[in-house]
Amino acid sequence: MESYISVATLRNWDRLNVTDAGKKLTKRANKTHSARTILPTEYVTDSNNIPAVEQIIEIVGASDATIPTAMYSLALNLLRQRKLLSGASSNPTNVDAFIKEYEYLGNDANLRQLLLPDNENDILGLVYQSLLLEGTKNQQGLYYTPSSIVDSMLRETVVGDRKTVLDPCCGSGSFLRNTQVIDPMQLFGIDIDPVAVML
């Protein structure tokens, strides 16, 4: 059987004096069928929140809610905690639009009442990543960028008032949330994962 590898991989193998490269190709870790879930600690803003996040993940896992319903419920919860979800008539327009667009998912009353850490940069993205199977993430190419890398990449980014920003693989929006703009309408994100787009 003939195997094809990238030039960069060959270069790395040469540099590291890897012998018997053919066996490397047959023995590499294949995570495409992995049924494990992993809490991505590199994505956590405050390590003191890990026990709370683990508890949230456990509660979500024990609920009857599907992942999209659970994440919608947690999103409503976060809006409530940030006092953006009070009564339907007093909600900001974008909150009303969000509710109207995703209310078909239904919601889990218990998940809407959980106390979510308020000092996590992306608590919803963190919980969502932790619920997805490792194999699913691998097959779909779902790789979330840790906040420290996002901060480093955006540190010197200045977006003028007539410019727009497009993140073509936005996930739950780390780059978009951390890009300084005058008007949120300057920000656009696209992703193949509809739950990530909702978040």
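Predicted model: local features only at pLDDT ≥ 70, side-chain atom pairs only at ≥ 80, totals over all residues.
Numbering starts from 1 along each chain as its sequence is written, and side-chain values rest on heavy atoms, without hydrogens and water.

Helix α4 covers residues 67-81. Helices here are DSSP runs of H or I with at least four residues, strands are runs of E with at least two, and both are numbered from the N terminus. The expected span of a helix is 1.5 Å times one less than its number of residues. For the 15 residues of α4 this gives 21 Å, and the end C-alpha atoms are 21 Å apart, in agreement. The helix is mostly covered, with eleven of its 15 residues buried. Buried denotes under 20% relative accessible area, exposed over 50%, and partly exposed the range in between (1.4 Å probe, protein chains only). Among the buried residues are M71, Y72, L74, L76, L78 and L79. The buried set also includes T69, S73 and N77. These buried residues pack against α3 (50-62), α5, α6 and α10 (194-198); contact means heavy atoms within 4.5 Å. After α4 comes K83, with a positive phi near 60°.

The structure holds one salt bridge, defined as a side-chain nitrogen of Lys or Arg within 4 Å of a carboxyl oxygen of Asp or Glu. R177 pairs with D122, and their closest N and O atoms are 3.5 Å apart. R177 belongs to helix α9 (residues 174-178), whereas D122 sits in the loop between α5 (93-102) and α6 (123-131), so the pair ties together parts 55 residues apart in sequence. R177 is partly exposed at 37% relative accessibility. D122 is buried at 8%.

The count of disulfides is zero, a disulfide being a pair of cysteine sulfur atoms within 2.5 Å. For C169, the nearest cysteine sulfur is that of C170, 8.2 Å away. C170 likewise is in no disulfide. C169 is exposed at 61% relative accessibility, whereas C170 is buried at 10%.

L166, F188 and I190 make a nonpolar surface patch of about 300 Å². Patches take residues with over 30% relative accessible area and no salt bridge, joining like charges within 9 Å and nonpolar side chains (Val, Leu, Ile, Met, Phe, Trp, Tyr) within 5 Å. Accessible areas come from the Shrake-Rupley method with a 1.4 Å probe; for residues, only the protein chains shown count as cover. F188 lies in strand β2 (residues 187-189) and is partly exposed at 42% relative accessibility.
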